[in-house]
Amino acid sequence: MGKPTTYGRHERAKLFVVINYETDQINYQEEEKANIATFILFLQNLLSAYPNRKMALIVDNSRIHYATEFQLFQKEHPRLQLVFLPPYSPNLNPVEGLWLWLKADVVNNIFSKNSIRLDFM
């Protein structure tokens with residue numbers, strides 16, 4: 001018996017996502033890497049999408065949210081505020097329902113030679 005056949009490697013995609021609770025609009029950005037540069041780019045795009053409005057983002061305790069570069073960015077954009085969830089509390093994260101749906105009904109129902117693994121930020 002030979003080695004089992006594999007269908008290539010699993011690709012990864014990083015998603016930054018917010019839900020606007022006034023409109024139910026979802027803003028997202030797909031990136032190859034989730035780092036402080038891509039997070040700040042996402043926030044710049046979000047600030048442009050909602051000019052002159054205060055924003056409160058509910059975030060987990062990822063180290064990206066505490067980075068020095070982000071703290072400098074936030075000082076330049078005081079209308080952007082982060083609300084931190086308690087550690088290990090995905091049940092309080094409003095985006096978790098979206099992640100569950102994406103993983104269960106979208107990603108897991110796709111079979112291809114290059115499957116995509118989504119990592120959510």
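Phe39 is buried, at a relative accessible area of 4%, and Phe70 is buried too, at 1%. Buried means under 20% relative accessible area, exposed over 50%, and partly exposed in between, with a 1.4 Å probe and protein chains only.

This is a predicted model: local features need pLDDT of at least 70, side-chain atom pairs count only at pLDDT 80 or more, and totals for chains, interfaces and linings use all residues. Residues are numbered from 1 along each chain as its sequence is written, and side-chain values use heavy atoms, leaving out hydrogens and water.

Back to the rings. The structure holds 5 aromatic pairs. Rings of Phe, Tyr and Trp (its six-membered ring) pair if their centres lie within 6.5 Å; planes under 30 degrees apart count as stacked, over 60 as edge-to-face, and the rest as tilted. Phe39 and Phe70 have ring centres 5.5 Å apart and planes at 45°, so this pair is tilted. Phe39 sits in helix α1 (residues 36-49) and Phe70 in helix α2, so the pair ties together parts 31 residues apart in sequence. Helices (H or I, at least four residues) and strands (E, at least two) are DSSP runs, numbered from the N terminus. Ring pairs link Phe16, Phe39, Phe42, Phe70 and Phe73 into a cluster.
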